[in-house]
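Please read them with the model open.

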There are 2 protein chains.
Amino acid sequence: MAEAEKVRRPGGRSARVRVAVHTAVTELVAERGYGNFTIAEVADRAGVAGTSIYRRWKDLETLSADVVSAWLTTHAAIPDTGSLAGDLRAYADGVARDIRGPQGPAVLRLLVALSSGGEPGLRARDAFVAARGEQLQEMLDRAAARGERAPSGSSVVDFILAPLYIRALFGLPLTSEDVRTQVARLLADTRHAAERAGGI
Amino acid sequence: MAEAEKVRRPGGRSARVRVAVHTAVTELVAERGYGNFTIAEVADRAGVAGTSIYRRWKDLETLSADVVSAWLTTHAAIPDTGSLAGDLRAYADGVARDIRGPQGPAVLRLLVALSSGGEPGLRARDAFVAARGEQLQEMLDRAAARGERAPSGSSVVDFILAPLYIRALFGLPLTSEDVRTQVARLLADTRHAAERAGGI
C-alpha cells in the first residue's frame with residue numbers, strides 16, 4: 001500500500017519528507033512506545049532537520065495524529081465483491097493484513113495513546129472512528145440495496161474490528177482461521193437477528 | 001473495591017504510600033496519557049519524596065506495571081451464581097463496571113502503552129492476559145463440571161472482553177444493553193457450535 005501511494009504521488013521533496021518522518025514515528029512507537037522519544041530523535045532517524053518538523057507539525061502529538069490519519073487513508077480499502085458475505089470476508093482479511101503488517105500494531109497503539117491526550121489526539125481518534133464508520137456503512141448500504149439483510153455497523157465493530165484490534169494491541173496471536181470464524185459468527189448473528197424479528 | 005482493599009490491609013505507611021502513588025499515576029495517565037509526565041510529577045501529586053519512588057520502583061515503567069497488576073488483582077472478581085448464563089452476565093457486568101469506573105480506561109491505556117515498551121511492560125501485559133485467562137477458565141470449568149456446554153476462553157475474549165475493551169480504549173459509548181447483547185450472542189454461539197457438532 002505504501003508503494004502504491006508513492007507511485008500515485010508525483011513526489012517532490014515535501015512528500016518525501018512526510019513519508020520519511022511518518023516512517024520514523026511508527027518505527028519509534030513500535031520500538032519504544034509512544035512518549036518515549038522526542039522530535040529530535042524523529043528528525044535524526046528521518047534524516048531531516050528538527051526545525052522543519054516543528055515548522056510543519058508544531059508538536060509530537062500533532063505529528064502523531066497526522067501519522068494515524070495517513071495510515072488510515074492509504075489502508076483498508078472497502079471491497080465490492082457483489083455479496084455481503086464476500087465483502088465482509090475481504091474486508092476482515094484486509095484489516096487483519098494491515099494490523100499484522102509492520103506498522104499496524106504501532107499505529108493502533110498510537111491511536112490509543114492519543115485518545116487520552118490533548119485536542120489533536122482526540123480529533124485524530126474521532127476522525128479514525130468516523131472514517132471507519134463511513135467506509136463500513138457504504139458497504140452495508142450496498143448490501144441492503146441488493147436486498148440482502150445487512151448487520152449494523154456496530155455489529156461489524158463487535159464481531160470483526162474489536163477482536164482483531166484487541167489481539168493486535170495485546171500481542172495475542174491472530175490466525176486466518178480466527179478471521180474466518182469472526183466473519184461466520186457475524187453472518188450467523190445477522191441471520192438469527194432477522195429470524196427473531198420475523199424477517200427473511 | 002479500593003475501599004475494601006484498604007479495610008483488608010492492616011495499613012502502615014508503606015501501604016498508604018503505594019495507594020497514593022498508584023492513584024497519582026492513574027490520574028496522570030487519564031489526564032495526559034502515558035509518556036507525558038515524570039516521576040517527579042507523580043511524587044508531587046502523591047505527596048511523597050521522588051527518591052522513595054525511585055528506591056521502590058526504579059523507573060516509571062516498572063511503577064506503571066505495578067499499577068496495572070494491582071488494579072487487576074483488586075477488580076473483576078469471578079462470580080459463582082450456579083449457572084453459566086448467570087456467571088457470564090455477572091462477569092460481563094463486573095468488567096463493564098470496572099472499565100467505566102474512574103481508573104478503568106486509564107489502566108487499559110497504560111496496559112496498551114506498556115505492551116510496546118520494555119521488559120517490565122511486557123511482563124505486566126503477559127501477567128494480565130494470563131490472570132484473566134485463569135479466572136475465566138475457572139468459571140468455564142465449573143460450568144463443564146455441572147454438565148453445561150461451556151464456550152472456550154477465547155470465545156469469551158471475542159464476545160465479551162474485546163468489544164468492551166475497544167469501546168473503553170476508543171472512548172465509544174458502552175451501555176448495559178450492549179453488555180447484555182454480547183452475553184446473549186456468546187450464549188447463542190455456544191449453543192449453535194454444540195448443535196453443529198451434533199451435541200446437546
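1. The area buried between chain A and chain B is about 2800 Å². Carbon and sulfur atoms give 61% of that area. Keep in mind that this is a predicted model. The size of an interface is often given as the accessible area lost when the parts come together.

2. Next, the residues involved. On the chain A side, 32 residues are in contact with chain B, and 32 residues of chain B take part in turn.

3. Charged pairs also link the chains. Six salt bridges are counted between chain A and chain B. One of them can be checked by eye: A:Asp158 pairs with B:Arg167, and their closest N and O atoms are 2.8 Å apart.

4. Which elements of chain A give two or more residues to the side that touches chain B? They are helices H2 (13–32), H7 (104–115), H8 (119–145), H9 (153–169) and H10 (176–196) of chain A. H9(A) supplies the largest share, nine residues. By class, this side of chain A has 15 nonpolar, nine polar and eight charged residues.

5. Now the fold of chain A. It has 10 helices and zero strands. Of the 200 residues in chain A, 50% are buried. Take the contacts in chain A between residues at least 6 apart in sequence: 68% of them join residues at least 24 apart.

6. Last, the surface. Chain A exposes about 9200 Å², and carbon and sulfur atoms supply 54% of this.

Conventions. Residues are numbered from 1 along each chain as its sequence is written. Chains are lettered from A and ligands numbered from 1 in the order in which they are written. This is a predicted model: local features need pLDDT of at least 70, side-chain atom pairs count only at pLDDT 80 or more; totals for chains, interfaces and linings use all residues. Side-chain values use heavy atoms; hydrogens and water are left out. Contact means heavy atoms within 4.5 Å. Buried area is the accessible area (1.4 Å probe) that two parts lose on being put together, summed over both. A salt bridge is a side-chain nitrogen of Lys or Arg within 4 Å of a carboxyl oxygen of Asp or Glu. Helices (H or I, at least four residues) and strands (E, at least two) are DSSP runs, numbered from the N terminus. Ala, Val, Leu, Ile, Met, Phe, Trp, Tyr, Cys and Pro count as nonpolar, Asp, Glu, Lys and Arg as charged, and the others, Gly among them, as polar. Buried means under 20% relative accessible area, exposed over 50%, partly exposed in between (1.4 Å probe, protein chains only). Accessible areas come from the Shrake-Rupley method with a 1.4 Å probe; for residues, only the protein chains shown count as cover.
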